[in-house]
Structure formats: C-alpha cells, structure tokens
Amino acid sequence: MDVQLKIHRFVEGKKWVDTYNVPVTTGLTVLNALTYIKEKLDPTLSFTSACRSSICGACAVRVNGNAELSCEVLVENLLARYQTEELTIEPLGNFTVIRDLVVDWDPKYARIKKVKPSLHPKDDFTSETGCLQSPEDFNKYKKYAGCILCGSCVSECNKNTLNTDDFLDPFAFVKAEKLVADSRSKSPAEHLKAVIDAGLWRCFNCQECTAKCPKGLDPAGAIEKLKEETFKHHLDDNVGARHAKAIYDDISESGTLDESKLNIKSEGYIMSAMRLPMALRLMNTGKMDPLASHPVNPEIKTIAAIVKAAEKADKEEA
C-alpha cells in the first residue's frame, strides 16, 4: 500500500503543494517518508532533522493540521487515526517559513530571553559546597527540563496565532516555571515579573499546547503555576490577577459569578467606565442587570467543599 503525501512547498516567496506516493512499510515514520522522497523522488524537498530519537525536536511538522514529531509518529498510525490514505504535511504554524518545511527559530530564541532564562543561585551556596537540593525539590520542576524546543506548542497556540506581540511562546513559560520552581534560585520574583510583562495573563487556556506536546510537559499547566506563584510573591496588582481573584471570591462566597461587577473588580472604575457603551448594549438585550441582586447558589455548601478540596490537593502537590 502507498500513502499519498501532499506536502506544502515554499521557495523564495512562492507557495504550492506537491503530491508524492510513498510505499508504507512496518515502522515507517513521517521522517522516513520525507527522507524517502528526498532521496528517491525529489532532492529539492527541504526539511530539518537530527537525532531521529525524539530528543532534539528539530523534525516537528504539521500533519493534517496537527503538530507532530516526524521521527516519532508512524505513518500507519496516522492513516488509521484519520481513516484515509492521504496525509497533508505542512511546516509548523506561528513560525516564519524559510523553505518548504524549514522554519526560522532565531526570533523564538530571542523571545525566550524575556523570561531571564538564567538561574541565579542563593547567596548561601559556594563553589566549595555547590548548589545542592533534595530529590523532592528537584522533582518539582524536573519535567519542565524535558522541553526539547520542538515548537509543537507554539504551532498550536491560539493566542500566538492571534497576536505574538503581547504573549510569549508556550515553551518560554515552561522555561520560566522551571526557574521559578527551582529551590536553588535566589530571585524567582525576577522571572515572575518578566512573564507578567510578557503576557502571562493573556493565555486563552485553550490547552492546545498541552494536547500537542510530544513530551507531555503540560505548558498550559506551567502557565497556571506561574499565575499561582505571582500571588505567593505579591505580584498580583494587575488586571489578570484581579480578574482571577474576583472570580475566586464570587465562587467561594456565592457559588455564582456576579458579572455586573466583575469588570469593575478587574479593571477598576475608570477603565470600566470606558466600556459603558458595551454595558448599555448588554443591558438593552437583557444580558446584564446591575440593579439585580446577586443570587447565592443553592449548592453553595457543595461548591465550597469542592473549592477546599482543590486547595488541599494543591497544597499536598506543592
């Protein structure tokens, strides 16, 4: 059986799609298929790869609209998943394409500097004693050290697709959480201030970065942990943090959201006043009534118990 690969090509500003037929053999990966095309069908095809062992991250591409490590994913599994004999291969999304499936990483490396990606050890460490830490402390961040910079999280990030100017790439937040969670760090607040300025609270929470991470690192979870750490370090004087706290307070106290006051609690009276035209439209359509009393959910005891259980589980995890 052959698989039909439709590969998006890009050379010197010109775009087109080429179709290739590749025989499917047991254990054939997408990278194997691309190599087969380059060696036997079309030597002009360009893509990147290095280790072929799911370690370097260089070979990530989009297959049928989803980011994949091409050296890891099997063609036969993809055909079964999509119930087809045809696969479309594109370069990663939210990157500038250099040629065919090759994307430009230089701007991404430059952006990661915004989180101040260096560990400054505590003053009590010395060159003689080193920077020792317990296995328990190491386990708090070790999974984030497994990021291979494949770009899959960036490719599928909906916030990056909308606007990259006010939000970093998900792997940058993973790097920041690794540094903040490291018990050897002298200045976790330094990294937290940096990620707040870099759009921490603008995450859509769509979970696409976590769903597509081939290493199971949970970038979305790292972003949530960073948000939590901002409260612990009293870096919560911003719209995002106030919005989260307003929701928490409403749910804890009444079990429902008081949406008529949510914006005021988040942005303050002056900024909220600038949204008056929208508020009037909402009132006109019956979607908001600022004079209505805020109801208490009849299941408030159950909701309060869930909140307490979640807080307890979070403390035990920490």
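**Entry 1: ground rules.** I took residue numbers from 1 along each chain as its sequence is written. The model is predicted, with local features needing pLDDT of at least 70, side-chain atom pairs counting only at pLDDT 80 or more, and totals for chains, interfaces and linings using all residues, while side-chain values use heavy atoms, with hydrogens and water left out.

**Entry 2: the whole chain.** I looked up the secondary structure and found 14 helices and 7 strands in the chain. Helices (H or I, at least four residues) and strands (E, at least two) are DSSP runs, numbered from the N terminus. The C-alpha atoms fill a box of roughly 70 × 65 × 40 Å along the principal axes. Of the 318 residues, 38% are buried; buried means under 20% relative accessible area, exposed over 50%, and partly exposed in between, with a 1.4 Å probe and protein chains only. I also checked contacts, which are heavy atoms within 4.5 Å. Of the contacts with a separation of 6 or more, 64% are between residues 24 or more positions apart.

**Entry 3: domains.** The domain assignment gives domain 1 (2–99), domain 2 (107–233) and domain 3 (239–317). Such bounds come from an automatic or database domain assignment. I noted 29 Å between the centres of domain 1 and domain 2, taken over C-alpha atoms.

**Entry 4: domain 1 against domain 2.** I counted on each side: 15 residues of domain 1 are in contact with 15 residues of domain 2. The two domains bury about 1,100 Å² between them, and 48% of that is on carbon and sulfur atoms. Ala67, Asn94 and Phe95 lose the most area on the domain 1 side, together 44% of what that side buries. Buried area here is the accessible area (1.4 Å probe) that two parts lose on being put together, summed over both.

I then looked at polar pairing. Domain 1 and domain 2 share 11 residue pairs in polar contact, both residues at pLDDT 80 or more. A polar contact is a pair of N or O atoms within 3.5 Å; within protein, one must be able to donate a hydrogen and the other to accept it, and residues adjacent in sequence count only if both atoms are side-chain atoms. On the side of domain 1 that touches domain 2, strand 3 (60–63) and strand 4 (66–69) are the elements that give two or more residues. Strand 4 gives the largest share, 3 residues. That side divides into 7 nonpolar, 6 polar and 2 charged residues. In this scheme Ala, Val, Leu, Ile, Met, Phe, Trp, Tyr, Cys and Pro are nonpolar, Asp, Glu, Lys and Arg are charged, and the others, Gly among them, are polar.

Entry 5: I found 1 salt bridge between domain 1 and domain 2. A salt bridge is a side-chain nitrogen of Lys or Arg within 4 Å of a carboxyl oxygen of Asp or Glu. Glutamate 156 pairs with arginine 62, the closest N and O atoms being 2.9 Å apart. Serine 155 is in helix 5 (residues 152–156) and is buried at 1% relative accessibility. Leaving aside neighbours within four places in sequence, serine 155 is in contact with Arg62, Ala67, Leu92, Gly93 and Asn94.

**Entry 6: other salt bridges.** My count came to 21 salt bridges. Aspartate 169 pairs with lysine 108 at 3.0 Å between the closest N and O atoms. Aspartate 169 lies in the loop between helix 6 (158–162) and helix 7 (170–181) and lysine 108 in helix 3 (residues 106–112), so the pair ties together parts 61 residues apart in sequence. Both residues are buried. Aspartate 166 and arginine 202 meet at 3.6 Å, N to O. Aspartate 166 is partly exposed at 24% relative accessibility, and arginine 202 is partly exposed at 41%. I also noted a network of salt bridges linking Arg9, Asp18, Asp42 and Asp100.

**Entry 7: around serine 272.** Serine 272 is in helix 12 (residues 259–273) and is buried, with a relative accessible area of 13%. The serine 272 side chain makes a polar contact with the asparagine 263 side chain (3.1 Å). A polar atom of the serine 272 side chain lies 2.7 Å from the backbone oxygen of glycine 268. Glutamate 267, which serine 272 touches, forms a salt bridge with arginine 275 at 2.7 Å between the closest N and O atoms.
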